[in-house]
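Thanks for asking me to look through this model with you. Please keep the structure open beside these notes and find each residue as we come to it.

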Amino acid sequence: MSLTRGRLLGAAGALGTAALARGAAAAVPSATSPSASNLSEPFYGRHQAGILTPQQSHTYFAAFDLTAAKRSDLIAMLQTWTDAAARLTAGLPVQPAGGGSYDAKKIVLDSGEATDLPAARLTLTFGFGPGVFVKDGTDRYGLAAKRPAAFVDLPRFNGDQMIEGKTGGDLSVQACADDPQVAFHAIRQLARLADGVAQLRWVQAGFRSAETGETPRNLMGFKDGTQTVSNPDHFVWAADGPRWMRGGSYLVARRIRIALEHWDRMNVAFQEQTIGRQKVSGAPLGMTHEFDQLPLAATDKDGNSIIPDTAHVRVANASTNDGAQILRRGYSYNDGVSFVAERWPPWRQGMEYDAGLLFVCYQSDPRTAFIPMFDKMSKIDMLNQFATHTGGGMFACPGGISQGEYVGQDLFA
Amino acid sequence: MNQSSAFARSFSCKVAALLSALAVLQIGAAGANPPQGLLEVLHRHTLLTSTVTDNGDLNPYAIVVAPVSAGRIKADDVLVDNFNNVSNLQGTGTTIIDYSPATKKTTLFAKLPQNVAGCPGGVGLSTAMIMLKSGWIVVGSTPSTDGTTRTKGDGCLFVLDPNGNVVATWAGPNIVDPWGNMAVADNGTTASLFVSMAGFDVPAPTVKDPATGAAVIVRKATVLRIDLAIPEGKPPTIVRETVIASGLPQQADLDNFLFGPTGVALGPDGTLYVSNAVESSIVKIPDAVTRTTSAGTGTVVTSKGLITDPLSLIMAPNGHLLSTNGLNGQVVEIDPVAGKQIYAQWLDVDQAQTPPGNGDLFGIAIKPDGTGLYYVEDDTNFLAEATP
């Protein structure tokens, strides 16, 4: 939806503030010539935004540990976060500057780096981790009985090399926007508002870029995201389980380091065999166009599969996973370089890119989606020789809310 | 860790496809003539089990086929150890898995601590592993803390009971880094182990020989015979240690950790064959079971040709030696009497390494019925078999 004055007024009015945009100089964009970054996404609705929302160009994903001892403190923080998120996604600061300037003697509740920036289609998607229900055997907030059956612990998968400091979390907030500064700004404000109740455990920035209408390419140079989920009502939104998760979805995040140096040494034919698609066109092997159906049954004259049996697209395809589908919403990441010992011969050691994919997916039930899919993929996907999962977590993202409610309210009912 | 049959089939297809693509590299292809050896009749490759354990250990090295049932081990079970822990660093693995061909189930057989009293440098389980007829398992440690010889400490040999518990640790001036696959002459109540020992005064891989520009070669590696007494119901004890080969070359390597004498295989006449990874040769040590002195560097049986960084070495039922290459995915079949390399066959054709399969092979073992091979795939951390 475009960020029109009327909609903005509506959002602002609901929050009881007269501010129209971040900072006094923020102009309301023209309704006749909106650029992508001038659009805003609705915060309220049956489902949380940031799941089926057309994917923005940047993410800043944050996982928090809860430090609150009391349930009431957690509820109060979620109420504060809800108010702040409604403002931020509408392109407003957490605390407006009255009269165009701040009181120089006061500490302001907004760091200000998004002042003058538009909403940039910011979405904030909230999730509850296992520690909300039980942490170290303790039911801290009286919520243990509310844990959905579908919200199982992720098992350890073959090849996992999870880093403690980049794994897990009691809460998640996925910030996505068409401006990286807007996404970071949002998490920064929420983290600050959580002081004394929750603290950051790990964060991950990500990006994706493509010409309009083109499927973005990942850091391996291949189009990534050609296949999309076919029936969101069935595959994405939780229909069973407790009421508080109705209309919600289960999020699995995985920080996947890709050995780009190793990958770059492979010839294109082998790269294409590994992925199962042609590198330039994105077409499945043996086909012509990107969106052609995967010819999974096609074989060569010797009976060998055209798309190898261990190619990534084959092992990830619904037809080889009992029909399971997930909504992928990942981003590339690039955290510079660090010392690494690769987990494949010849066991290369040295400074290498800490870059790859922040894989994010949503599903109605992880027990029949990500978990069995990746259990198989972790063992046979040819990509495993280049990719190592180093962090992530699973979070239950509740359904959306209406104005006057707070995020996850039904969980505490 | 169990392997589905669907997976096994898909792997066979992959290997078949890649082998076809690499046909130009095939050496000694089988024709209509009677087989010259064992390898040419092995066409089916099946992945059996992942060796990755719950603690993330990987990089499988040794393969041992259990000669007897004892403790948790059933006869013909396949034991495989891991050289790396979850950090990916070589010389840090502490686990041994037990794969049952009968049930196709895989269990964790042993998980040692990272440090064990009596093993000076810590634990990094190597390819030196054997199971005695009395049920005891002997496994070597060639440890490091950073995956290179820069932090390589002195290793040791562990004795494990058949339930995976450490019952003895052997170290000392002759036992520095038990490295390649062991051979054994096992009489039940006595036995002789043959172990390649590398790592004597090997510096960090960054220490270069100015003449070659490569890591320095230190000619101090040995082959040690360890004569054991095995009292009924008690762990084996060392009766005698005899250095039967010495002055063999060893060399650090940043990626491959260590080159040196590696595999050893005992011939029916008591000749011990040793793979010399630094010089890509196979040497022989006469009278290995009985000799009381070192034979020095032995006599070269064959060198270079198809052999490139030879690692594990075993004796096939037909009297031929099988040697896994370190620098590609081939195993070489050798007639040791004639001193002739018969051919090489690809076991691993993974193009993610250059040349294909580089660094992927290490341990190898003959199946109990003599019809095929077990081998490890270090690229995917699987135990695999090759069968007709």
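This is a predicted model: local features need pLDDT of at least 70, side-chain atom pairs count only at pLDDT 80 or more; totals for chains, interfaces and linings use all residues.

Residues are numbered from 1 along each chain as its sequence is written, chains are lettered from A and ligands numbered from 1 in the order in which they are written, and side-chain values use heavy atoms, with hydrogens and water left out.

1. **The two domains of chain A.** Domain bounds here come from an automatic or database domain assignment. Domain 1 of chain A is made of 5–146 + 156–218 + 405–412, and domain 2 covers 258–394. Taken over C-alpha atoms, the centres of the two domains are 30 Å apart.

2. Look for Phe157(A), Gln204(A) and Phe207(A): they supply 24% of the area that domain 1 of chain A buries against domain 2 of chain A, more than any other three residues. In terms of contact (heavy atoms within 4.5 Å), 36 residues of domain 1 of chain A touch 30 residues of domain 2 of chain A.

3. **What kind of pairs cross that interface?** A salt bridge is a side-chain nitrogen of Lys or Arg within 4 Å of a carboxyl oxygen of Asp or Glu, and the rule finds zero of them between domain 1 and domain 2 of chain A. A polar contact is a pair of N or O atoms within 3.5 Å; within protein, one must be able to donate a hydrogen and the other to accept it, and residues adjacent in sequence count only if both atoms are side-chain atoms. There are 17 residue pairs in polar contact between the two domains of chain A, both residues being at pLDDT 80 or more.

4. **The domain 1 side.** Helices (H or I, at least four residues) and strands (E, at least two) are DSSP runs, numbered from the N terminus. On the side of domain 1 of chain A that touches domain 2 of chain A, β1 (58–66), β2 (123–128), β3 (171–177) and β4 (198–207) of chain A each give two or more residues. The most come from β4(A), with five residues.

5. **A glutamine to find.** Gln48(A) sits in the loop between α1 (5–14) and β1 of chain A. Is Gln48(A) buried or exposed? Its relative accessibility is 9%, so Gln48(A) counts as buried; buried means under 20% relative accessible area, exposed over 50%, and partly exposed in between (1.4 Å probe, protein chains only). A polar atom of the Gln48(A) side chain lies 2.8 Å from the backbone nitrogen of Phe126(A), and one lies 3.0 Å from the backbone oxygen of Pro398(A).

6. **Where chain A meets chain B.** Here 26 residues of chain A are in contact with 37 residues of chain B. The area buried between chain A and chain B is about 2,500 Å², with 52% from carbon and sulfur atoms. Pro345(A), Trp347(A) and Gln349(A) supply 25% of the area that chain A buries against chain B, more than any other three residues. Between chain A and chain B there are zero salt bridges, but nine residue pairs are in polar contact (both at pLDDT 80 or more).

7. **Salt bridges elsewhere.** Side chains of opposite charge can pair when their charged atoms come close. Over all chains the count comes to 29 salt bridges. In one of them, Glu113(A) pairs with Arg188(A), the closest N and O atoms being 3.3 Å apart. Glu113(A) lies in the loop between α2 (71–89) and β2 of chain A and Arg188(A) in helix α3 (residues 180–193) of chain A, so the pair ties together parts that are 75 residues apart in sequence. Glu113(A) is buried at 18% relative accessibility, whereas Arg188(A) is partly exposed at 40%.

8. Lys135(A) and Asp170(A) meet in a salt bridge (3.0 Å, N to O), and they are 35 residues apart. Lys135(A) counts as partly exposed at 26% relative accessibility, while Asp170(A) is buried at 2%. Salt bridges that share partners join Asp65(A), Lys135(A), Arg140(A), Glu164(A), Asp170(A) and Arg201(A) into one network.

Definitions and conventions
Buried area is the accessible area (1.4 Å probe) that two parts lose on being put together, summed over both.
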